Amino acid sequence: MSQVNSCCSCTCSGNGNRGLSSAGGGWKGLGVTPICRCGDVAVIRTARTTRNAGKKFWGCPNFKRGNQESVGCNYFKWSGEDDIDQRDGVILSQNREICSLEKSIKLYEKWVKCLIGVVGVVVVLNIILVSVLLKSP
């Protein structure tokens, strides 16, 4: 699955809609969309059965696309379920931490390059100063 943020190579996303494991989970309060076992973002559907008519659920986007060959992974999770898989929360938290750390690393890399340049300039100036001092009487 290709979940790459444009700011870095982390798996978090700018809009907070991706990054869950294939176990999925509907986190309506966090704006998180589950990932089905196909690796695609699950879609919200409405049940049409008599028992659950109108009830929202997450499902595989590839489920019954019109041909018999594409049936998807049969991913299913009720939209309002409170029994969210704890792994999803851990994964989401770790993805956010990884993204934050990658951004920090990029910032520190810029500072290190800048400091190396400053040190280079100081070394050159010291060499010039020493050569001038050695030539003077």
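Is Phe76 buried, exposed or partly exposed, and what is its relative accessibility? In this predicted model, Phe76 has a relative accessibility of 42% and therefore counts as partly exposed, since that class covers residues between the limits of 20% for buried and 50% for exposed.

A pair of aromatic rings is described by the distance of the centres and the angle of the planes. For Phe57 and Phe76, the centres lie 5.1 Å apart and the planes make an angle of 35°, which gives a tilted pair. Phe57 belongs to strand E2, residues 56–59, while Phe76 belongs to strand E3, residues 76–78, so the pair ties together parts that are 19 residues apart in sequence. Phe57 itself is buried, because its relative accessible area is 15%, which is under the limit of 20%.

Phe57 also forms an aromatic pair with Trp78, and here the arrangement is edge-to-face, with 6.0 Å from centre to centre and 85° between the planes. This pair, too, links distant parts of the chain, as Phe57 lies in strand E2 and Trp78 in strand E3, 21 residues apart. Trp78 is buried, with a relative accessible area of 17%.

Taken together, ring pairs link Phe57, Phe76 and Trp78 into a cluster. The ring of Trp78 has a further contact to look for in the structure, since the charged end of Lys55 sits over this ring, at 4.1 Å from its centre.

Technical notes. Residues are numbered from 1 along each chain as its sequence is written. This is a predicted model: local features need pLDDT of at least 70, side-chain atom pairs count only at pLDDT 80 or more; totals for chains, interfaces and linings use all residues. Side-chain values use heavy atoms; hydrogens and water are left out. Rings of Phe, Tyr and Trp (its six-membered ring) pair if their centres lie within 6.5 Å; planes under 30 degrees apart count as stacked, over 60 as edge-to-face and the rest as tilted. Helices (H or I, at least four residues) and strands (E, at least two) are DSSP runs, numbered from the N terminus. Buried means under 20% relative accessible area, exposed over 50%, partly exposed in between (1.4 Å probe, protein chains only). A charge sits over a ring if NZ of Lys or CZ of Arg is within 6 Å of the ring centre and within 35 degrees of the ring normal.
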